[in-house]
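Subject: Structure for your review

Dear colleague,

Please find below the sequence and the structure that I would like to pass on to you. My findings follow directly after it.

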Amino acid sequence: MTNSIEIRDLTKTFGRTVALDRLSLDVRQGEVHGFLGPNGAGKTTTIRILLGLVRPDSGTATVLGGHPIRDAVDLHRRIAYVPGDVELWPQLTGGETIDILTRLRGDGDPTRIAELCERFDLDRTKKGRTYSKGNRQKVALVAALASRADLYILDEPTSGLDPLMEAIFQDEIRGLVARGATVLLSSHILGQVEALAHTVSIIREGSIVETGTLASMRHLRRTIVQATTTNPVNGLAHMTGVHHAQVDGDRVTMEVDGEHIGRVMLQLSAAGLQSIVAHPPTLEQMLLRHYGEATR
Amino acid sequence: MSETLTATGPLLRFAARRDRVKLSIWVLGLAAFVPYMMTAYKTIFATPEDLAPIVGLIANPSLTLFTGPGYGVDVAPTELTHQIIFASVYWLYLLLFTALMNILLVSRHTRLEEQTGRAEIVRASVVGRYAPLTSTVLLALIANVAVGGLIAGALIAYDSDPSSSLLLGATTGALGLVFAGVTTVTSQLSAFSSAGSGLAGAVLAASWVIRGVGDMAAGPGEHGTWLSWLSPLAWAQQTRVFHDDRWWPVGLLLATAAILIAVGFMLSARRDVGAGILQPRRGWATAPTWLRSPLTLAWRLQRTQSFWWAVGLTLASFMYGSFTGAMVDAFAELPDIFQQLMGGAEVALSGYLTLTVTMFRIMLAIFAVIAWQKVAAEEVGGRAEPVLATDVRPAAWMAGQFLVIAVVVAAIGLVAAVISGLFAGSVDGDYGLVGDAVAGAAAGLPSVLMVLALAAALHALAPRLVVFAWIPVVAGALIELFGEVMQIPDWARQISPFEHTPAMPAEEFTLLPLVVQTVVAAALLAFGLWRFSHRDIPGH
């Protein structure tokens, strides 16, 4: 399987601020790649480099096999983009804006645009200056989704949309993937990433700190186990792979490393396991682990 | 290479579509200057005898500060034409506004688009690297060709020599392109459109001053000096149009425009979209302790702009002040019509001082409107909303803005008056003129506050109406500076907010007009405060 995006050792500084610090990232063709990170971690800078809007100081980025700046025009025929902060021309209607943006790409399909406006409940006849943040975002979303692109780069595309629209958005993204398109989805909405993304990359302070499928990332993480046993469980605290174990009479709570869960289960069974709740770490917990290090 | 220009055509059409109203008004407004002036001349200078007084006026070396090198005005009065007067006196103002059109056009279509982030969504589409800038330059080219063509056509329609008319039109367009080029460069430097257009405006102001000083330094019978040649505005006037037509300065203008545009393109390729060549500076992590009320917030937001206006007007008062002696010497030879403007020959010194004070009054009124447009932008940009969502009352917010601008206007006016007064005093050692100049500036304050209160009242109706506050300011400037020469009727002069201000120190102090102006200003402000408290603040 080929990669739609290949980034190697990308570095970019703005004055004294280091925005990207040897960032490397692969996005495989046909996947939805979740791109997570706190504000200012470098998500938008990475995306703007991929679009050829920003020149990196060093490192390389390859998009759909091409160079982001040298091949910008050809690449942009195959890329659709939704910026995080959508600004529209105040004197143009939403419909006019969608038309100009899709026509610049050369593939405006009026039926598809009408269908998307209908789905997202967007009034196309209002002027740009009168739209709310959510509606400005819908205009950019419709213009992007109406394009038959190979790669969709979405920078927090639904941060202003309500949950109903969120569901429609997810449905549309699944449609894109079904026909073989690739999606780079920068998002703060973890539920959205969990629902859509095949692969996730976590960026912090300009570098990727973690990348992989959600399943594989969870496997490496601690499972949270709450159990009730007939007899007190002994020696839990000293077992490898067990963390924060708390025994309170017949109840025990602990975090267990993925690869040691089997041995812990044997131990619990031996103590007369009565009930057990085990859940994988949520994306939020995984993120907090990485983000937390920044403030620690 | 050609790929870097992909989509230039569609972007040009798109830019023209967005700008169809504003740009049409600019182009037609500039072109209308010609029929307006030519019609006025036919009334004012109906016979050759009528032309006699203005010959002296134009030929006066001191006045070249406000006109030009004056080619053709030293011919025999019988040979003097309306066209020569137009080219040597009023054309400069047409050139000035054409340059302004280009600065605003280029800034609006390049840096403002990037600053708002709209350029990003365009550049992320199938659009070549140089396409947005190229389409902007082409739009400027079209606008300048239209302005030049219409001006030439209008002059020919008024029985002007076709070849000279074409030269004047072409020169106007070429000068416009120079400032399109200047703005192409300045817009690359900072990430903010106001900085880019402000820098281009400073280049225009410098060109204006250098041309004025250079031409004024020329001796009798001479037309401009080497200093003049440092200003593109002088190149335009050095075409000697309608007198001794020469086309090569047009080539100089076009070559300069081409070089500037090329530099702009080169700089644009060296930077990221949305970023400037210069890195934005960092500021303080915390607000100073005084920044805790709508009043101090208003001051914080107006501070930078106020500072640069203070610098500009201080420099201007040094410039006008340093000509005081030369002006007074030349005054005795001036024709009656100009002496009336300055209050009569016997008071040459105070007359020039009065003219200076009047000029600053107009400039401060311009500042007042620009400053209030910034206030309106606070609301339009949604930045007023979080402030008004605290326990700040709308009336207090607006009153704070008014007070800050009013104090700045008064302070800059005071500084300019003191400097001008000191220069005037140095001529005869009569430093009482400092007090006279300050009194003259103080007498002008109610008229400027009237303009400011009008802007506030318009804002209270709707922020986008603030632009109408320009009408009395522009009309007032034209009436105060050209009213006598143009013989504008008294009733029409009432639109000027400065009309009833006593022209001190040349005229006596009269209290009544100042009381009336203050009452009008207070009424407009009161209406504004009341209306603003009672209307909705539309969401962003």
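B:Trp309 is found in helix H12 of chain B, which spans residues 294-322. Please bear in mind throughout that this is a predicted model. Is B:Trp309 buried or exposed? With 20 other C-beta atoms within 10 Å, B:Trp309 is buried, because a residue counts as buried when 20 or more such atoms lie within that distance. Leaving aside residues up to four places away in sequence, B:Trp309 touches B:Phe367 and B:Ile412.

After H17(B) comes B:Gly429, which has a positive phi, near 70°.

A helix pair in chain B comes next. Helix H2 (residues 20-44) of chain B packs with helix H4 (residues 82-109) of chain B at an angle of about 170°, and their axes are 11 Å apart. H2(B) and H4(B) are therefore roughly antiparallel to each other, since angles over 145 degrees are placed in that group. The residues of H2(B) that take part in this contact include B:Trp26, B:Phe33 and B:Tyr41. On the H4(B) side, B:Ile85, B:Phe97 and B:Leu105 are among the residues that they meet. By class, the contact of H2(B) with H4(B) has 14 nonpolar, 2 polar and no charged residues.

I turn now to chain A. Strand S7 (residues 182-186) of chain A is mostly covered, as 5 of its 5 residues are buried. Which residues cover the two faces of S7(A)? A:Thr182, A:Leu184 and A:Ser186 lie on one side, A:Val183 and A:Leu185 lie on the other, and all are buried. S7(A) is joined to strand S3 (residues 32-36) of chain A by 4 bridges, and the two run parallel. Within this pairing, A:Val183 in S7(A) is the bridge partner of A:Val32. S7(A) also pairs in the parallel sense with strand S6 (residues 151-155) of chain A, over 5 bridges. Here A:Leu185 in S7(A) is the bridge partner of A:Leu154.

Elsewhere in chain A there is an open sheet of 4 strands with antiparallel pairing, in the order S11-S12-S10-S13. Its edge strands, each pairing on one side only, are S11 (242-248) and S13 (273-279) of chain A. From one strand to the next, the twist averages 15°. S11(A) and strand S12 (residues 251-257) of chain A pair in the antiparallel sense over 5 bridges. A:Gln246 stands opposite A:Thr253 in S12(A). Helix H9 (residues 261-270) of chain A lies across S10, S11, S12 and S13 of chain A, and runs at about 5° to S10(A).

Finally, the two chains touch each other. How many residues does each chain give to the contact? Chain A gives 24 residues and chain B gives 22 residues. On the side of chain A that touches chain B, the elements that give two or more residues are helix H2 (72-76) and helix H3 (94-105) of chain A. The largest share, 5 residues, comes from H3(A). By class, this side of chain A has 14 nonpolar, 4 polar and 6 charged residues.

Yours sincerely

Note on methods:
Residues are numbered from 1 along each chain as its sequence is written. Chains are lettered from A and ligands numbered from 1 in the order in which they are written. This is a predicted model: local features need pLDDT of at least 70, side-chain atom pairs count only at pLDDT 80 or more; totals for chains, interfaces and linings use all residues. Two strands pair if DSSP finds at least two bridges between them. Axes are lines fitted to C-alpha atoms, for helices over the stretch in contact, and angles run from 0 to 180 degrees between N-to-C directions. Two residues are in contact if their C-beta atoms, placed from the backbone, lie within 7 Å. Angles under 35 degrees count as roughly parallel, over 145 as roughly antiparallel, 65 to 115 as roughly perpendicular and the rest as oblique. Ala, Val, Leu, Ile, Met, Phe, Trp, Tyr, Cys and Pro count as nonpolar, Asp, Glu, Lys and Arg as charged, and the others, Gly among them, as polar. A residue is buried if 20 or more other C-beta atoms lie within 10 Å of its own, exposed if 12 or fewer, and partly exposed in between; C-beta atoms are placed from the backbone.
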